[in-house]
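Me: I've got a model open and a few labels I'd like to pick apart. Can you take me through them and show what each one rests on?

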Amino acid sequence: MHRAARWGLGGVGAGATLILGLDLAALGELDPLRGTISEHGLREYGWVFGLGIALLAAGSAAIGISLARRRMAGTAGTLALMAWSAGLLVIACFPKHDWSVGPSLSGSIHRAGSVVAFLSLPLAALIIARPWRRAERGAASLTAFVFGLLSVLFVLSMAAVMAIGAQSGLPWWRVMPIGLVERGLAVIEVAALTALGVWAAGQRLAGARVPAENGQPLVERSTAS
C-alpha cells in the first residue's frame, strides 16, 4: 500500500549516500568550504554524482506521487515537489560550469535548475505539512514543516549576506563559504523531504477498507485532507 513512498525513501537514501560518499572520497582534493557539491560532476567520477542526483530526483517524485494519491499534498504542494525533482534532473543532466572562462549555456541551465530546486523544496514542505491541518498532524509532518521553515530562513539569510556583500562590491560567491552553506541547505532540505516520505508511508489511501473492531464487517475509512 505504501510502495511508492517506500521506494521514494529508498531512492532518496541511495542518492544522498552516493553524494556523501563522493564528498568523503574527495576530502583533501575538494575544499568543502568553498567547493560546491556540483563540482563532483566535473571530476573523474562525475557519473556517480549524476546518478546520485537522479536517484534523489526519482525518489522525490515517488514521494510526491504517494502524497498525491493520499490527497495529502494538494495541487500547489505537488507542483512544488515536482519542481524540486525537475530541478534536480536539470542539475544531473547539465554539468556545472567554470564561470572564470566565460559564460556557458549548459552552466546557465545548471544554475537555473539549482535555484528552482533549492527554492521549491522548502515551499513544498511548508504547503504540504502545514501544522494547522489538524486532521493529519503528526511527528513526521511537523518535522517536515520545521525543516521546511528552516530552509526558508536559511535561504533568506543567504540573500541578506549576498546583499550586504554586493553593497561592498564583493561577488556573491566570496561573501560566504559557499560550499559549506550549500551543503548545510542540502542537508536541511533532504531532511524535510525524508520526513514527508515517512509521513506518506505511514498513511492509508483515502477510502481504504479496514476491519472494524469486535468482529464487525469491513468499514470505509478515509484519510483524505
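Me: Which helix is Leu56 found in?

Reply: Leu56 is in helix H2; helices here are DSSP runs of H or I with at least four residues, strands are E runs of at least two, and both are numbered from the N terminus. Bear in mind that this is a predicted model, where local features need pLDDT of at least 70, side-chain atom pairs count only at pLDDT 80 or more, and totals for chains, interfaces and linings use all residues. Residues are numbered from 1 along each chain as its sequence is written, and side-chain values use heavy atoms, leaving out hydrogens and water.

Me: Why is Leu56 called buried?

Reply: Buried means under 20% relative accessible area, exposed over 50%, and partly exposed in between (1.4 Å probe, protein chains only). Leu56 has 6% relative accessibility, so it counts as buried.

Me: What does Leu56 touch, not counting residues up to four places away in sequence?

Reply: Gly11, Val12, Gly15, Trp84, Leu88 and Leu193, where a contact means heavy atoms within 4.5 Å. Three of those names, Gly11, Val12 and Gly15, also turn up among the buried residues of H1, and the buried residues of H1 pack against H2 and H6.

Me: How do you know that the span of H1 agrees with what it should be?

Reply: The expected span is 1.5 Å times one less than the number of residues. H1 has 23 residues and should span 33 Å; its end C-alpha atoms are 33 Å apart, so the two agree.

Me: What makes Arg71 exposed, and where is it found?

Reply: Its relative accessible area is 52%, so Arg71 falls on the exposed side of the cut-off. Arg71 is in the loop between H2 and H3. Its phi is near 55°, a positive value in a residue other than glycine. Most residues other than glycine have a negative phi.

Me: What makes something a pocket and not a cavity?

Reply: On a 1 Å grid over the protein atoms alone, a cavity is a set of points where a 1.4 Å probe fits but cannot get out; a pocket is an open set with protein on both sides within 12 Å along at least five of seven lines, and lining residues have an atom within 4 Å of a point.

Me: How much space lies in the largest pocket, and which residues are closest to its centre?

Reply: About 920 Å³, with the volume taken as the space filled by probe spheres set on the points, which are joined across faces, edges and corners. Of its 26 lining residues, Thr36, Lys96, Arg111, Trp172 and Ile178 are the closest to the centre. H4 gives the most to the lining, seven residues.

Me: How does the lining of the largest pocket divide by class?

Reply: Into 12 nonpolar, seven polar and seven charged residues. Nonpolar covers Ala, Val, Leu, Ile, Met, Phe, Trp, Tyr, Cys and Pro, charged covers Asp, Glu, Lys and Arg, and the others, Gly among them, are polar. For the second largest pocket, the lining has 15 nonpolar, three polar and three charged.

Me: What is the average pLDDT of the chain, and where is the pLDDT below 50?

Reply: pLDDT is the predictor's confidence in each residue, from 0 to 100. The chain averages 85, and 85% of the residues score at least 70. Residues 206–225 are below 50, though that stretch has 35 contacts in the model beyond near neighbours in sequence. Where pLDDT is low, the predicted coordinates should not be read in detail.
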